[in-house]
Amino acid sequence: IEVAPLDSPDLSEILFGAENLRLLILDQVTDPRNIGAIMRSAAAFGADALVMTARHSPEESGLLAKAGAGALESVPLVRVVNLARALGQMKEAGVLLAGLEAGGTTQLAALAGTARLGLVLGAEGSGMRRLTREACDHLAAIAMPGTAKGLRDKEIWADSLNVSVAAGIALFATCREEGAG
């Protein structure tokens, strides 16, 4: 089968196309299965686009498409050369940036009413890079009550979640009233 590459919109097309906006921004997430799962969550919760770097992220492959279960065709994938510059462009367009980080102090639910929101997720292990973190207006953590109930002592806990799971939880927690979910 011979197919044409999917359209990849320019970031400015996404930023100036709607009053309400939900973006997922990935900082060097490299596993195509995770990105496919993130795209599936993005489609389910009505995210407007997935933004990733042109380098240090996988191409749109069969593996990514299979993990995305059709979301690759429905969620615009925007590739940027310089993520720090793209984050600045988003802020200029009125997008509030919330980076997910274990030590974050902002509650995700508090951001649900935000009309133009970008959720920033870093690579597993290393997390967001310094410039990405500094560009965020808020650092938000996903509360994991299991660690507070003593599960840590039973070795059934983790400091963080898989990036695709974290993306789904963040999208659900910040879901707009008029959005899906």
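What covers the buried residues of H7 includes E1, H2, E4 and E5. Here, helices (H or I, at least four residues) and strands (E, at least two) are DSSP runs, numbered from the N terminus, and buried means under 20% relative accessible area, exposed over 50%, partly exposed in between (1.4 Å probe, protein chains only). This is a predicted model, in which local features need pLDDT of at least 70 and side-chain atom pairs count only at pLDDT 80 or more, while totals for chains, interfaces and linings use all residues. Residues are numbered from 1 along each chain as its sequence is written, and side-chain values use heavy atoms, with hydrogens and water left out.

**The overall plan**
- The protein chain has seven helices and six strands, and from the N terminus its elements run α-β-α-β-α-β-α-β-β-α-β-α-α.
- Of its 181 residues, 43% count as buried.
- Among contacts (heavy atoms within 4.5 Å) with a separation of 6 or more, 77% join residues 24 or more positions apart.

**The sheet**
- Six strands form an open sheet in the order E3-E2-E1-E5-E4-E6, with parallel pairing; two strands pair if DSSP finds at least two bridges between them.
- Strand E3 (77-80) and strand E6 (138-140) are the edge strands, each pairing on one side only.
- Neighbouring strands of this sheet are turned by 25° against each other on average, direction ignored.
- Helix H4 (residues 83-92) lies across E1, E2, E3, E4 and E5 and runs at about 165° to E1; axes are lines fitted to C-alpha atoms, for helices over the stretch in contact, and angles run from 0 to 180 degrees between N-to-C directions.

**The nonpolar cores**
- A nonpolar core is a set of buried Ala, Val, Leu, Ile, Met, Phe, Trp, Tyr and Cys residues joined through side-chain atoms within 4.5 Å.
- The largest one has 25 residues, and Leu 24, Leu 26, Leu 50, Leu 119 and Leu 121 have the most contacts inside it.
- At least two residues of this core come from each of strand E1 (21-27), helix H2 (32-44), strand E2 (49-53), strand E4 (96-100), strand E5 (116-122) and helix H7 (163-173).
- H7 gives the most to this core, with five residues.
- Apart from this core lies another, of 21 residues, including Leu 11, Leu 15, Ala 49 and Ala 86.
- Buried residues in H7 include Val 163, Ala 167 and Leu 171.

**An aromatic pair**
- How many aromatic pairs does a search of the whole structure find? The search finds one; rings of Phe, Tyr and Trp (its six-membered ring) pair if their centres lie within 6.5 Å, and planes under 30 degrees apart count as stacked, over 60 as edge-to-face and the rest as tilted.
- The ring centres of Phe 45 and Phe 172 are 6.0 Å apart and the planes are at 70°, so the pair is edge-to-face.
- Because Phe 45 lies in the loop between H2 and E2 and Phe 172 in helix H7, the pair ties together parts that are 127 residues apart in sequence.
- Phe 172 is exposed, with a relative accessible area of 55%.

**A buried threonine**
- Thr 132 sits in helix H5 (residues 130-135).
- Is Thr 132 buried or exposed? Thr 132 counts as buried because its relative accessibility is 2%.
- Not counting residues up to four places away in sequence, Thr 132 touches Asp 27, Leu 83, Leu 87 and Val 120.
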